[in-house]
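Morning, everyone. Please have a look at the model on the screen, and then we'll walk through it.

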Amino acid sequence: MNNVTENLISETVVESDRSHVWHHLSQHKAYENSDPLMIVKGKGVRVWDAKGNEYLDAVSGAVWTVNVGYGRTEIADAVRDQLVTMNYFAQTAGNVPAAQFAERLISKMPSLSRVYYSNSGSEANEKAFKIVRQIADKKYGGKKRKILFRERDYHGTTITTLSATGQSERRNQYGPFTPGFVEVPHCCEYRAQEGADIGNYGVWAADQIERVILAEGPDTVGALCLEPITAGGGIIEAPHGYWERVQQICKKYDILLHIDEVVCGLGRTGKWFGYQHYGIRPDIVTMAKGVASGYAAISCTVTTEDVFEAFKEDDDPRMGYFRDISTFAGCTAGPAAALVNMQIIEDEKLLDNVTEQGEYLRGRLNQLMDKYEVIGDVRGKGLFAGFELVKDRMTKEPADENLCMAIAAHCMANGVIIGRTNRSFATLNNNICLSPPLIVTRDDIDVIIQALDNALQDLT
Ligand code: PMP
């Protein structure tokens, strides 16, 4: 760690945080004997804490968000200019950056056509669920209200998006949940289910979705919601054959395909959107984190013209429209930031960088796997990568859950912030996640790998 030993903020601020801020996903008991981590400055792929310690951020703001990196004055300037011209008016009316960004966004996903703005990934997914439910009402006389989601996928933090989340540990304690959400099996080949067809696992895993649809009754199922690559659930890319079969199944049973690009969207996997690797045509796509790289809060629920049209075809004009609004979707800072964010990805050819550095990163992770028995599987696509820790490669018994935490703490102490599945995700088998900003260089990746190498050397 590059220790500067100069406090960048006053002790009083740290004390205010310790006394009054409730941190997310955090056990505050830890702060009784140590200072809470406060990140106070960022530039490029690096951030600094309150004590002046420098870190290479290999997870883009802890949760895969800061795609274009820190300290982008061009985004800050655009947001400032927009705010002094027109900061807010509800999305019941149009505004300039929202219109411009929608146009630019659709140019990257031409089979879709309408952008519905909101503020977070959870909210974007909730909008999608509401759209599906209203279509069920309008087009199918109340049938087709059920929404399928996949084991190990995550779709958000609200009660309804948790109802659509396949990570039981995250749901514990928060029920009862919203009815009408049904789980389908995961598609992690490394953890293939008993009886699975290993030679043809992608197709087999997709066929399990069809089995659920048939058991529920196809006329009750309105949509299938999937992450293009399962993120927090363990960086799982569906094997060959999966997506083609998923598309066929959706078509056969008249089920809307909703792809949650909250993590993969805006370049993380080397294409604008994760689904674009697989030749599928979703009906609804949701996105959030990388849309404005954390410079402003913005999320989008993007639909095809067909989905949008359903809200116009109604004899009763009061029921024909989407009865939904989010106050802060009218903040112009979001689309103003998103416009420049997208421009940066284009100007700096970051999609190419993701593909190139992503291959390098996975090559280096495979070298670590050759060296350390504890790495059972290396996974990912583009700059979204990770590996799974096991006690024994033959039995695939998950490594002790504390090992994941210890590796993350070791890397942090050595100046590299990496991601890990949460402590409560023991059943998700201890994954280390890496998702650096899309501007990461080969030298940066070498620093990340060195930190992991040191940690694995010392801890295993
Ligand atoms: N979908 C996915 C795939 C996510 O990973 C997340 C957040 N990690 C969300 C939705 C929810 O996004 P938010 O936290 O912005 O509500």
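Which residues in α3 meet which residues in α11? On the α3 side they are Glu-74, Ile-75, Ala-78, Val-79, Gln-82 and Leu-83. On the α11 side they are Ala-333, Ala-336, Ala-337, Leu-339, Val-340 and Asn-341. By class, that contact divides into nine nonpolar, two polar and one charged. Here Ala, Val, Leu, Ile, Met, Phe, Trp, Tyr, Cys and Pro count as nonpolar, Asp, Glu, Lys and Arg as charged, and the others, Gly among them, as polar. Two residues are in contact if their C-beta atoms, placed from the backbone, lie within 7 Å.

Now some ground rules. This is a predicted model: local features need pLDDT of at least 70, side-chain atom pairs count only at pLDDT 80 or more, and totals for chains, interfaces and linings use all residues. Residues are numbered from 1 along each chain as its sequence is written. Helices (H or I, at least four residues) and strands (E, at least two) are DSSP runs, numbered from the N terminus.

Back to the helices. Two packed helices are described by the angle between their axes and the distance between the axes. The axes are lines fitted to C-alpha atoms, for helices over the stretch in contact, and angles run from 0 to 180 degrees between N-to-C directions. Helix α3 covers residues 73-85, and its axis comes within 9 Å of the α11 axis. They cross at roughly 145 degrees. That crossing is right-handed.

Helix α11, residues 333-347, also meets helix α4, residues 96-108. Those axes come within 8 Å and cross at roughly 35 degrees. This crossing is left-handed. The rule: left-handed if the near helix is turned anticlockwise from the far one by less than a right angle, right-handed if clockwise. From α4 come Pro-97, Ala-98, Gln-100, Phe-101 and Arg-104. They meet Pro-335, Ala-336, Ala-338, Leu-339 and Met-342 in α11. The contact of α4 with α11 has eight nonpolar, one polar and one charged residues.

Next, the whole chain. How many helices and strands are there? The protein chain has 14 helices and 17 strands. Its radius of gyration is 22 Å, close to the 23 Å that the globule rule gives for 460 residues, so the chain is as compact as a globular protein of that length. That radius is taken over C-alpha atoms, and the rule is 2.2 Å times the number of residues to the power 0.38. Buried residues make up 48% of the 460. Buried means 20 or more other C-beta atoms within 10 Å of a residue's own, exposed means 12 or fewer, and partly exposed is in between, with C-beta atoms placed from the backbone.

Two buried examples. Phe-181 lies in strand β6, residues 181-184. Phe-181 is buried because 20 other C-beta atoms lie within 10 Å. Beyond four places in sequence, Phe-181 contacts Ile-147, Phe-149, Ser-163 and Ala-164. Gly-358 sits in helix α12, residues 350-371. Gly-358 is buried too, with 24 other C-beta atoms within 10 Å.

Last, the ligand. Of the 16 residues around the ligand, Ser-120, Gly-121, Ser-122, Gly-156 and Val-262 come nearest. Near means a C-beta atom, placed from the backbone, within 6 Å. Helix α5, residues 121-140, gives the largest share of the shell, three residues. The shell divides into six nonpolar, eight polar and two charged.
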